[in-house]
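User: I would like to go through the labels used for this model and see what each one rests on. Please set the values against the cut-offs.

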Amino acid sequence: MLRKILKGALWALLAVILYFAYQTWSHWDTIQRVFLGGVKVYETTPPKLPAEIKRPAVLVFSKTNAYRHEEAIPAADAMLKKLAEDSGWGYFQTENGATFSPAILSRFDAIVFNNTSGDVFTPDQREAFKRFVENGGGWVGIHAAGDNSHDAWAWYVDRVIGTHFIGHPMSPQFQQALMRVEDRTHPATIHLAPALHRTDEWYSFDKSPRGIPGLHVLATLDESTYVQKGPFGQELSMGADPPTPWGRAAARGGALYPGGAPPAASFSEPAYSRLVAGAVRWALKLDGEGCSSNATASGQAK
């Protein structure tokens with residue numbers, strides 16, 4: 001009898017081991033991206049671009065070497081493509097990091113990071129993007145473009161985003177919160193009411209970027225309207241000043257971080273899609289005041 005029990009236990013243990021082995025194998029890509037520092041994929045041959053790209057032109061980049069928002073990325077791409085078509089702009093979408101060369105980037109006026117995550121560039125590609133922004137190019141970052149998978153690149157975190165991501169709520173992950181709009185004259189927020197409720201995966205950062213020279217906060221969240229608890233009860237509250245969209249001058253180039261919207265449905269939400277549209281128009285220098293190289297500590301991105 002004991003022998004049969006031991007044999008049954010061994011078969012059960014083997015079944016458990018095989019189950020976990022299968023789960024690990026089938027989810028290995030996600031495990032690498034989330035728990036093992038991301039994948040290491042770096043392109044060296046750029047994609048073929050159209051011979052002519054109308055100006056102004058927008059480059060949409062959605063490469064992910066860390067966590068990938070599988071549903072949000074195509075939804076945002078579709079929204080941005082329609083925006084460009086309706087506006088008569090040039091448009092090109094890619095996940096190929098080799099697009100980031102001085103010659104190719106010179107064909108574009110603004111870049112949108114659509115949930116880009118992880119270490120996605122070679123050193124030369126990083127430098128090409130840095131020069132693009134510092135020489136006057138515009139940038140808009142959607143959601144994961146500001147997460148902690150980019151921390152290895154200090155210039156990007158400090159000079160483009162302006163603060164460090166620490167996490168997002170998990171109790172629950174998506175929550176409705178009250179957003180209070182501070183600037184209703186900026187192209188990204190001019191259409192918004194003074195206060196509105198949105199459901200999102202709200203990011204928290206180690207500090208408010210307010211006060212950084214050249215940075216301008218567009219709206220803040222009311223933390224009393226949602227729960228700021230991460231995995232295992234991690235405290236994510238930013239206190240009295242949790243900004244959500246903000247823009248800044250990075251040398252002569254302009255960077256605007258709308259921040260939210262991982263659910264695919266967000267990109268068909270009129271208020272959010274208009275916010276992104278206004279952000280892109282600002283980055284293209286079509287609406288609003290642009291950036292200058294002598295931005296002061298006033299907090300205005302001029």
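User: In which helix does Leu2 lie?

Analyst: This is a predicted model. Leu2 lies in helix α1, which covers residues 2-26.

User: Why does Leu2 count as exposed?

Analyst: Its relative accessibility is 60%, and exposed means over 50%. Leu2 therefore counts as exposed.

User: What makes the nonpolar surface patch that includes Leu2?

Analyst: Met1, Leu2, Ile5 and Leu6 make a patch of about 490 Å². A nonpolar patch joins nonpolar side chains within 5 Å, from residues with over 30% relative accessible area. The 60% of Leu2 is on the required side of that cut-off.

User: Why is α7 called mostly covered?

Analyst: Of the 14 residues in α7, 10 are buried, and buried means under 20% relative accessible area. Among the buried residues are Tyr272, Leu275, Val276, Val280 and Trp282.

User: How do you know that the span of α7 is close to the expected one?

Analyst: Helix α7, residues 270-283, reaches 20 Å from its first C-alpha to its last. After the helix comes Lys285, with a positive phi near 65°.

User: Why is one side of β7 and of β10 left without a neighbour in the sheet?

Analyst: The sheet is open, with 3 strands in the order β7-β6-β10 and antiparallel pairing. β7 (195-200) and β10 (219-222) stand at the edges and have a single partner strand each, so one side of each lacks a neighbour in the sheet. Neighbouring strands here are turned by 40° against each other on average, direction ignored.

User: How do you know that β6 and β10 pair?

Analyst: Two strands pair if there are at least two bridges between them. Strand β6 (residues 175-181) and β10 have 4 bridges, in the antiparallel sense, so they meet the criterion. Met179 stands opposite Leu221 in β10.

User: What makes β3 a mostly covered strand?

Analyst: In β3 (residues 110-114), 5 of its 5 residues are buried. Ala110, Val112 and Asn114 point one way, Ile111 and Phe113 the other way, and all are buried.

User: Which strands pair with β3 in the parallel sense?

Analyst: One is β1 (residues 57-61), joined to β3 over 4 bridges, with Leu59 opposite Ile111. Another is β4 (residues 138-142), which 5 bridges join to β3, with Asn114 opposite Ile142.

Technical notes:
Residues numbered from 1 in each chain as written. Predicted model: local features only at pLDDT ≥ 70, side-chain atom pairs only at ≥ 80, totals over all residues. Heavy atoms only, no water. Helix = DSSP H or I, 4+ residues; strand = E, 2+ residues; numbered from the N terminus. Expected span 1.5 Å × (residues − 1). Buried < 20%, exposed > 50% of the residue type's maximum accessible area, 1.4 Å probe, protein only. Patch = residues over 30% accessible without salt bridge, like charges linked within 9 Å, V, L, I, M, F, W, Y side chains within 5 Å. Areas by Shrake-Rupley, 256 points an atom, 1.4 Å probe, with all protein chains shown as cover. Salt bridge = Lys/Arg side-chain N within 4 Å of Asp/Glu carboxyl O. Axes fitted to C-alpha atoms, helices over the stretch in contact; angles between N-to-C directions.
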